[in-house]
Amino acid sequence: RGTAFQPLLKMSYSCSKVGDPHPGQPYKGGNFCAFLPDNLEGLKIAKLLKKAFERGLTFQIKSFNGEERVTWAFIPHKTSWDGGKARNGYPDAQYLHEVSTVL
């Protein structure tokens, strides 16, 4: 197993905007962690993920049991360094190709 980048994103409490499930209502943030391999392809994906974040594409607000929460949006993220594809982890030989296609 090689080294990995581990971006940590913290989304605070705030109010939702137009296009969210309940515009103007407060939502609960959270800490989000994802992993990328420490190689050239991982660096390329990291740059694309940064652009996606800056454009507001990384997260979405969803309603869970009457509470608005921040969740990952449609871009796949590896939230574990192990456990395989079934647990959003590695090994997953197709992940970098799949995420680059989405981005």
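Predicted model: local features only at pLDDT ≥ 70, side-chain atom pairs only at ≥ 80, totals over all residues.
Local features need pLDDT of at least 70 and side-chain atom pairs count only at pLDDT 80 or more, while totals for chains, interfaces and linings use all residues. Residues are numbered from 1 along each chain as its sequence is written, and side-chain values use heavy atoms, with hydrogens and water left out.

K78 sits in the loop between β8 and α2; helices (H or I, at least four residues) and strands (E, at least two) are DSSP runs numbered from the N terminus. With a relative accessible area of 4%, K78 counts as buried, a label that means under 20% relative accessible area, against over 50% for exposed and partly exposed in between (1.4 Å probe, protein chains only). Leaving out residues up to four places away in sequence, K78 touches C33, A34, F35, K85, N88, G89, Y90, D92 and Y95; contact here means heavy atoms within 4.5 Å.

Some of these names come back in the largest nonpolar core, whose 11 residues are F35, L36, I45, L49, A52, I75, W81, Y90, Y95, L96 and V99. Such a core is a set of buried Ala, Val, Leu, Ile, Met, Phe, Trp, Tyr and Cys residues joined through side-chain atoms within 4.5 Å. Helices α1 (40–54) and α2 (95–102) are the elements that give two or more residues to this core. Neighbours within four places aside, V99 is in contact with I45, I75 and P76.

A second, separate core has five residues, including Y27, F59, I61 and V70. Strands β7 (residues 59–64) and β8 (residues 67–72) pair in the antiparallel sense over six bridges, where pairing takes at least two DSSP bridges between the strands. I61 stands opposite V70 in β8. Two residues separate the strands of this hairpin, and N65 in the turn has a positive phi of about 50°. Y27 belongs to strand β4 (residues 26–27) and counts as buried because its relative accessibility is 12%. Y27 and V70 are 43 residues apart in sequence, yet 7.1 Å apart in space, C-alpha to C-alpha.

Overall, the protein has two helices and eight strands, in the order β-β-β-β-β-β-α-β-β-α. Buried residues make up 31% of its 103 residues.
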